[in-house]
Amino acid sequence: MEITTSEITEKRTVLNFATFDFLGMSAALSSNTHNPVKQAAQEALDKYGCGSCGPRGFYGTVDVHLHLEKAFADFTGTADSILYSDGASTCSSTVAAFCKRGDLIVADRGIYEPLLTGVSLSRAHVKWFRHNDMQDLRRVLEQVRETDQQLKRPQNAQRRFLVVEGLYKNTGTIVPLDELVALKHEFSYRLILDESFSFGVLGKTGRGVTEHFGKKLMHDAEIVTIGLENSIGSVGGVTVGTEEVVDHQRLSGSGYCFSASSPPFSAAAAMQALEQMKKDPDLLQRLHDNRTYMYEKLKAFCTKLEDLLFVTSDERSPIIMLQVADIPETEYLDEVIFLREVVRESLSRGCALVATGRHIPSRADPPPGIRMVVTAAHTFEDIDKVLTVLNKSVDVIMNRFHEESKE
Amino acid sequence: MSTFIACTTYLAYATFIFVGHVRDFFAWFLGRGRFVRVASDFPGDDWSRFAPLLKSWEDFYFRRIYIRVQDAFNRPIASKPGSHIDVLERVSDDAQKSMHAPDGSVCRQCLNLGSYNYLGFADDWHVTCARDVMASLQDFSVSTSSARNEYGTTALHRQVETTVARFLGKEDAICLNMGFNTNATTIPSLVGRGDLLISDELNHTSIVNGARASGAAIRVFKHNSIIDLEATLKQAIILGRPRTRRPWNKILVIVEGIYSMEGEYCDLRGVVDVCKKYGAYIYLDEAHSIGATGATGRGCTEFAGVDTADVDILMGTFTKSFGAMGGYVAADRATIQHLRNTCAASSCHNALSPVVCQQVLTAFKVIMGEDGTNIGKQKLQSLRDNSNYFRMRLEEMGLQVLGQYDSPVMPIMLYNPCKIAAFSRECYKRGLAVVVVGFPAVPLLLSRARFCISAGHAREDLDRALAEIDEIAEVLKLRYARSFCG
């Protein structure tokens, strides 16, 4: 799979390991004549034009929106679903619609920016637990219970939510849903789960992290948000849940109520992509094969680099994070600059990767690292190539840094 | 508003609430009713362990008031949002608790007075935009699946940005995926702790969200009142930050070009003068005015005769006049560079779809006359003529019309909650699709209907609509400008 990066002057074709198009839904180039997703988009454009020219409440609801909502509810086995026009505002509006002043949110420290915005917009009381650390979560929950007992406050006096992601965008780790759900039931919390990156990736049929762990939506996860921008390769997001959950957002989800609805063509594309996903289990299999192959190769790769870079993402995740190890050799390195240089070098050698992290990180920023995304559209040769290029780039940049430090 | 209207409106709400409580009581007493909770096996519904997900008042308003009129909202359509739309007929099997359009339900063709299709790009889409947009779908994908700062920027995004900057006479611009998010994410990256935001009381929710997320101190001034703005500014500068009394780092005044629920232009000249006097920055949200107003479509600045250089940050959306999606911010180069680096929508969120970018570009070409035709000019001219004609006729009927001439948004006051549904249903019956607005989008007492006029409307259509509205105004007693009884 390839993308064209085009500056105003030059145009170059490189290998794409940077975008989150896990199933390769939007991967096809113009040469690929038959892409059903594009065709659906084209038909919708022909029928409905481009924009919807209005919010959902005021004649911005087009029949394709309703079909898409129904399709998602059916696919995830929930009562209903609600379509937002932007993936990020799906999370932030959903969290803010349910959590209000006086409520309690217990959230993972590793959540990404839109969820964090939702949490801070909600004005609820927030407690944090260490990323993916269930012991720490238990500690926090027990603390709350103790306070309850001291204040003689009944358990049902306050709405309480756990906020986690299925597959963490920033770190490529997967939530230990088994233990989390057990804790949730034990302490009676509602779960807000963001499946934006796990939907279409995890689980046997791509239904996300809940399927992966054999959990049931609405029972074990009350409110689930799904971005349509990654596996589905369109624009927007949906929230699925019980009728109560969905209907409430139609009036109080601010990103739904006060924003124009998503263009009919992108909803039609999402609909078709979902169909493709259902029809073609091969896609998911290819993604899994590529991922397994990538992690195998990565092991050898990291040893070869003398553990300068090491893998911090979960082996089941197609988002791969490589971070700089804490070894004496790297002490003099400015990590952020080093990683950016490596990524730039890789790009000039024909592979698009992403360097994450900033010098002055804010709460939502991922840790410094190199992010690669394996998709179903890659081949084993692509994976070999990206690792060779990365290896070469690291060598070049390391040498350059060594020379600079000598001078 | 006269006391009589206020009393009758309160009385209507009181009746609703009273009847609602009576119904709730009987439902509880008899254990039967539309809203009685059926025992479900979801653990989250066990109220002995969980607090109810929805608090009672939110829930009560929804159940007992909103649901009565919900057929007036969320009407699905099955066509382009042009001057005539096909509205799908919905049915309800549970006394309006839920409404749905079953498969194969019939459409009713209505004259569309509700969509923000100001320049009518939805009407002549196949003539003006289709070729370019379809071609872009061949070259690019539906979505970039990546953030602007990573690999989400295509050549089209850059073209949109340079075009916006050129159109508005600013150094640079940035375009983001959603108009709502443009406000909600750029404001936090422009201001923060130690800064002051002064915001018009009727600003859109997206601005409120952005302001809240920013952590800056917020002061609100009376809608469109320059005197109050000046007083607020003066007081803020004199008093400084709370407790420490240190001066503010910076002060940002946020106003909208056209207030969508009022149809009213912002008094930009006054705002600019006051802000210059006190050294405050201006953030102008042109969601409804860009492309649609001013002699050449350059929005509120052009309408008010203000140089764009005097407005520090210009924000707008592509949803309305351009028939696309997304929003932009235009400012000087340093500010935009800062936004590119720090604004969440550019560093974390998915980029605008390239196909939508192409739609924006094509629409710009038409508006600026760069497609070699004068379609854009005609569109602007007919939008202005249509709006002014429609407004004049509404005023002649004695309806209480808000807003100013030259504004394509014109709300008329309904006040009474019963009239919301009645007006909408009557219009729908006569083949007019109109927007009615009630609480919480507007204050409880000030329910209204809103017409959005488009360049795509033909004069005969408007005449027909006006004749129907005249009849409805008679039936529903809406002539509030003539008498307090309507």
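This report describes a predicted model of a protein with chain A and chain B.

## Basis of the model

Local features need pLDDT of at least 70, side-chain atom pairs count only at pLDDT 80 or more, and totals for chains, interfaces and linings use all residues. Residues are numbered from 1 along each chain as its sequence is written, chains are lettered from A in the order in which they are written, and side-chain values use heavy atoms, with hydrogens and water left out.

## The interface between the chains

Chain A and chain B each give 84 residues to the contact, where contact means heavy atoms within 4.5 Å. The size of an interface is often given as the accessible area lost when the parts come together. Here the two chains bury about 7200 Å² between them, 61% of it on carbon and sulfur atoms; this is the accessible area (1.4 Å probe) lost on being put together, summed over both parts.

One salt bridge crosses the interface, a salt bridge being a side-chain nitrogen of Lys or Arg within 4 Å of a carboxyl oxygen of Asp or Glu. It joins the side chains of E150(B) and R371(A), with 2.6 Å from N to O. On the side of chain B that touches chain A, the residues comprise 42 nonpolar, 28 polar and 14 charged. In this scheme Ala, Val, Leu, Ile, Met, Phe, Trp, Tyr, Cys and Pro are nonpolar, Asp, Glu, Lys and Arg are charged, and the others, Gly among them, are polar.

## Salt bridges and aromatic pairs

Over all chains, the structure holds 46 salt bridges. One of them links the side chains of R139(A) and D136(A) at 2.8 Å, N to O. Both residues lie in helix 6 (residues 134–151) of chain A, 3 residues apart, about one turn of the helix; helices are DSSP runs (H or I, at least four residues), numbered from the N terminus, and strands are runs of E (at least two).

The count of aromatic pairs over all chains is 25. Rings of Phe, Tyr and Trp (its six-membered ring) pair if their centres lie within 6.5 Å; planes under 30 degrees apart are stacked, over 60 edge-to-face, and the rest tilted. F72(A) and F199(A) form a tilted pair, 5.6 Å centre to centre with 40 degrees between the planes.
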